[in-house]
Amino acid sequence: LRQLPPAPGQESEAPTARVKAGLRFVKNQPLILGAMSLDMVAVLFGDAVALYPIFADLLKAGPVGFGLLRASPAAGAALVSARQVARPFIHPSWRQLKRVVAAFGVFMLGFALAPHLWTAALFLFLAGIVDGVSVIIRQSLYQAHTPDSLRGRVAAVSGIFISTSNEIGAFESGLSAKFLGPVGSVLFGVAMTFATVAGMGWYFR
């Protein structure tokens, strides 16, 4: 790769000023803010990683079945990543991002209602594929629409969004499962995913 000189820095700025500049940039970029927000809310409600052990028990699959459920989304994401490297086919856009997040909701619905272990694993594998597409779209949009001097700060904000959705999402899954049951918890998350796609699609149109 051709070496690029460092972007003009703002070393003289105070740390708080640099943080504010990064947050202000994200706030003023609807495409970036919309992509981060859509992923954060959809994953917060739609993902069900914390419930995989319960579903493995419901499906009478045991520890090996739990391992299969846990590995299936990663296998799907790895497949789509390898395909993108070999022959790029993903064209990043806001419309495409909404579609894959909605598809994620559809596959999680199939997982919640799956009667057998292999069916559940298949739906999680497909969910991993569309989640991998979502990651590629979002990261491509961030890179394409962020100046060099702000890339680190935008990546930091993105990391906070991702960590927040994963950790609080696990808490949400367990809390809703306490009141709705594991299947009801996933169905609630799917409904919230569809509502998020519709709401974010309208707000960031």
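A crossing counts as left-handed if the near helix is turned anticlockwise from the far one by less than a right angle, and as right-handed if clockwise. I wanted that written down before looking at helix pairs.

**Ground rules.** I'm working on a predicted model, where local features need pLDDT of at least 70, side-chain atom pairs count only at pLDDT 80 or more, and totals for chains, interfaces and linings use all residues. Residues are numbered from 1 along each chain as its sequence is written, and side-chain values use heavy atoms, with hydrogens and water left out.

**Overall fold.** I looked up the secondary structure and got seven helices and zero strands, in the order α-α-α-α-α-α-α. Helices here are DSSP runs (H or I, at least four residues; strands are E, at least two), numbered from the N terminus. The C-alpha trace spans about 60 × 40 × 30 Å along its principal axes.

**H2 against H6.** My cut-offs: under 35 degrees is roughly parallel, over 145 roughly antiparallel, 65 to 115 roughly perpendicular, and the rest oblique. Axes are lines fitted to C-alpha atoms, for helices over the stretch in contact, with angles from 0 to 180 degrees between N-to-C directions. The crossing of H2 past H6 is left-handed. For contacts (heavy atoms within 4.5 Å), I noted Leu 31, Ile 32, Ala 35, Met 36 and Asp 39 of H2 meeting Ser 134, Arg 138, Leu 141 and Tyr 142 of H6. By class that's six nonpolar, one polar and two charged residues. Nonpolar means Ala, Val, Leu, Ile, Met, Phe, Trp, Tyr, Cys and Pro; charged means Asp, Glu, Lys and Arg; the others, Gly among them, are polar.

**H1 against H2.** The axes of H1 (residues 15–27) and H2 come within 6 Å and cross at roughly 90°, so I logged the two as roughly perpendicular. Phe 25, Val 26 and Lys 27 of H1 touch Ile 32, Leu 33 and Met 36 of H2. I get five nonpolar, no polar and one charged residue there.

**H4 against H6.** These axes come within 7 Å and cross at roughly 35°, and the crossing is right-handed. Gly 65, Leu 68 and Gln 84 are among the H4 residues in the contact, with Trp 118, Phe 125 and Ile 136 among those of H6. The class count is 16 nonpolar, six polar and no charged.

**Largest pocket.** I found a volume of about 450 Å³ and 26 lining residues, with Val 43, Asp 47, Phe 104, Asp 131 and Asn 166 nearest the centre. A pocket is an open set of points on a 1 Å grid over the protein atoms alone where a 1.4 Å probe fits, with protein on both sides within 12 Å along at least five of seven lines; lining residues have an atom within 4 Å of a point. Points are joined across faces, edges and corners, and the volume is the space filled by probe spheres set on them. H6 gives the largest share of the lining, nine residues. The lining divides into 16 nonpolar, five polar and five charged.
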